[in-house]
Amino acid sequence: MDLSGLYQRVGAWLDETGPVNDIVISSRVRLARNLAGFFFCGQADEAQQRQVLEFVREKLTATDVQGSLWYVPMEQVTALQRQVLTERHLISRELAETGGPRAVALTPDESLAVMVNEEDHLRIQMMANGLQLRETYERICRVDEQLEGQVEYAFSAEYGYLTACPTNTGTGMRVSVMLHLPALKMTGEIEKVLRAAKDLRLAVRGLYGEGSEPVGDFYQLSNQTALGKTEEQIIDDLTRHAVEPMVEYERRARKKLSEGKATALDDKIFRAKGILSHARMVSSEEALYLLSYIRLGIHLGRFRDVRMSTVNRLFLTAQPAHLQTLFGEDLDAGGRDRARADYIRRELAGAA
Amino acid sequence: MQCQMCDKAATVHLTEIVNGKKTERHLCEACAQKEGIAIKAPAPISELLTSLMSAQAEAQELGGLRCEQCGLSWLEFRKGGLLGCPNDYTAFEKPLRGLLERVQEGATRHLGRVPRRCSESAAGKQVRLLRLRQDLRQAVEAEDYERAARLRDEMRLLS
């Protein structure tokens with residue numbers, strides 16, 4: 001398997017048939033793990049980091065998941081390829097941008113990604129489409145169990161899994177869901193909803209994770225506390241106290257808009273399709289903003305000629321590194337906006 | 001709803017009753033802050049780290065604290081925000097405990113998963129006992145005495 005197979009398809013986590021797919025795009029569980037007997041990455045020199053990398057690689061090949069794992073050393077891929085992996089949510093910006101002995105191991109469907117030598121020795125990530133936090137957690141446990149059969153984790157009875165940053169110690173687990181909340185934005189209720197989430201000590205981020213602002217009505221919601229609760233409690237709290245109520249509010253807002261302000265709503269939806277079907281230059285921010293309305297339009301049954309799979313693919317491929325890879329040239333910002341407009345136009349026409 | 005002081009959307013709504021007289025205010029976040037109405041926002045870890053103790057008092061008290069294994073000092077950790085090795089949790093135990101409580105909503109003990117090779121060890125048993133004790137408290141609160149009895153038996157087997 002090589003990287004060129006990646007660009008044109010989407011990971012299984014972007015498949016449009018997941019549970020609660022009208023509002024929940026994807027679910028993600030991440031475990032931070034460190035090896036006993038090694039310094040954490042920040043305090044280790046390059047030789048030690050390389051030792052960890054080789055050790056982990058050897059152990060990964062000894063697990064059952066190995067048969068389907070694809071191991072990518074960061075030193076052997078270009079900066080553009082690393083950016084593609086970041087845009088696909090398979091590695092963090094930190095792993096992509098900091099040099100040195102680092103790697104990621106992936107399954108071909110992109111549901112599992114194990115980063116080696118990021119902030120912690122291991123960052124195990126499992127993603128799934130729609131609302132599937134519990135299932136995703138069960139799947140990641142099986143990977144964790146296989147790994148712990150091979151290596152000894154840094155663990156204490158008091159603090160649980162020991163991590164480089166004290167905010168992760170305990171379960172070492174971060175769970176998040178990606179929500180699409182366009183109607184709450186239109187009714188002006190989104191601020192209230194997000195404030196309630198923050199009061200629950202949840203983090204709210206944009207589509208591209210840490211450090212990204214919400215664009216195009218996509219919000220990533222995740223827990224911030226990893227100690228003092230079981231993994232099941234953390235998942236249950238996020239699901240029952242935040243995700244389920246938000247899904248309910250968004251559905252209600254969509255109904256309210258469809259009944260009371262149908263013309264204004266349809267205007268936004270069809271205008272978005274009009275622009276993307278004809279524009280000659282589109283920035284990535286504008287693309288997200290407009291694709292958000294098209295996604296809403298599809299779920300409200302406003303058009304039959306655009307498929308959700310097309311929209312989901314565009315979320316990935318309209319990003320800078322994907323465009324540069326697809327068009328095979330070093331595009332400047334203006335060139336990218338042109339390429340993006342052309343590409344989206346073609347895709348939308350092709351879907352008809 | 002619009003902010004009463006500017007034209008942004010009002011997101012802070014305050015109702016005050018003074019001597020039986022009710023006043024309502026609707027403000028945006030910026031104006032509310034100007035008016036001295038505090039909005040609690042979770043502070044990022046770097047802020048928590050720096051505000052935890054005044055630097056001077058800390059330099060005196062913890063200036064010499066250093067992990068023997070990885071060589072990281074407490075002050076270096078405070079600056080960078082990342083620990084150097086698993087042993088730091090022991091070496092910095094005293095100051096770290098307070099910090100953990102702050103960043104982890106008051107929690108100081110792990111209740112989650114235990115690696116299989118630890119589960120039969122003393123460490124694993126401790127975590128299981130804690131979790132059982134928490135479940136027991138919940139069972140008693142819910143007046144589910146059958147479950148409580150079962151949990152108590154499980155605890156007896158462990159200790």
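How far apart do the C-alpha centres of domain 1 and domain 2 of chain A lie? Hello everyone, let's start there. The answer is 26 Å. Please keep in mind throughout that this is a predicted model.

The domain assignment of chain A puts domain 1 at residues 4-254 and domain 2 at 262-349. Where the two touch, 18 residues of domain 1 of chain A are in contact with 22 residues of domain 2 of chain A. On the domain 1 side, helix α2 of chain A, residues 79-87, gives the most, with four residues. By class, that side of domain 1 of chain A has nine nonpolar, three polar and six charged residues.

Next, the inside of the protein. The largest nonpolar core has 124 residues, and V104(A), V114(A) and L179(A) are the ones that touch the most other members. Helix α7 of chain A, residues 231-260, provides the largest share of this core, nine residues. And where does the core sit relative to domain 1 and domain 2 of chain A? Both domains give residues to it, so it lies between them. As general background, nonpolar side chains in soluble globular proteins tend to be buried together.

Let's pick out V104(A). Leaving aside its neighbours within four places in sequence, V104(A) has contacts that include V72(A), L85(A), L90(A) and I91(A). V114(A) is also among the contacts of V104(A).

Now to the sheet. In chain A, eight strands form an open sheet, and if you walk across it you meet β2-β3-β4-β5-β1-β8-β10-β9, with antiparallel pairing. At the edges are β2 (70-73) and β9 (202-205) of chain A, each pairing on one side only. From one strand to the next, the twist averages 20 degrees. Helix α6 of chain A, residues 190-199, packs on this sheet and touches β9 and β10 of chain A. The direction of α6(A) makes about 140 degrees with that of β9(A).

I'd like to stay with β10(A) for a moment. On one side, β10(A), residues 218-223, pairs with β9(A) in the antiparallel sense over four bridges. There, R205(A) has Q220(A) as its bridge partner. β10(A) also pairs with β8(A), residues 173-180, again in the antiparallel sense, over five bridges. In that pairing, V177(A) stands opposite L221(A).

Is β10(A) mostly covered or mostly uncovered? Mostly covered: six of its six residues are buried. F218(A), Q220(A) and S222(A) point one way, while Y219(A), L221(A) and N223(A) point the other way.

Between the chains, 37 residues of chain A are in contact with 34 residues of chain B. The elements α4 (133-148), β6 (155-156) and α6 of chain A each supply at least two residues to the chain A side. Of that side, α6(A) gives the most, with three residues. The chain A side divides into 14 nonpolar, 12 polar and 11 charged residues.

One last stop is G63(B), in the loop between α3 (55-62) and α4 (74-80) of chain B. G63(B) counts as exposed because it has 11 C-beta neighbours inside 10 Å. G63(B) and S73(B) are 10 residues apart in sequence, and their C-alpha atoms are 8.0 Å apart in space.

Key. Residues numbered from 1 in each chain as written. Chains lettered and ligands numbered in written order. Predicted model: local features only at pLDDT ≥ 70, side-chain atom pairs only at ≥ 80, totals over all residues. Pairing = 2+ DSSP bridges. Axes fitted to C-alpha atoms, helices over the stretch in contact; angles between N-to-C directions. Contact = placed C-beta atoms within 7 Å. Core = buried A, V, L, I, M, F, W, Y, C linked by C-beta atoms within 7 Å. Buried ≥ 20, exposed ≤ 12 C-beta atoms within 10 Å, placed from the backbone. Domains from an automatic or database assignment. Nonpolar A, V, L, I, M, F, W, Y, C, P; charged D, E, K, R; others polar.
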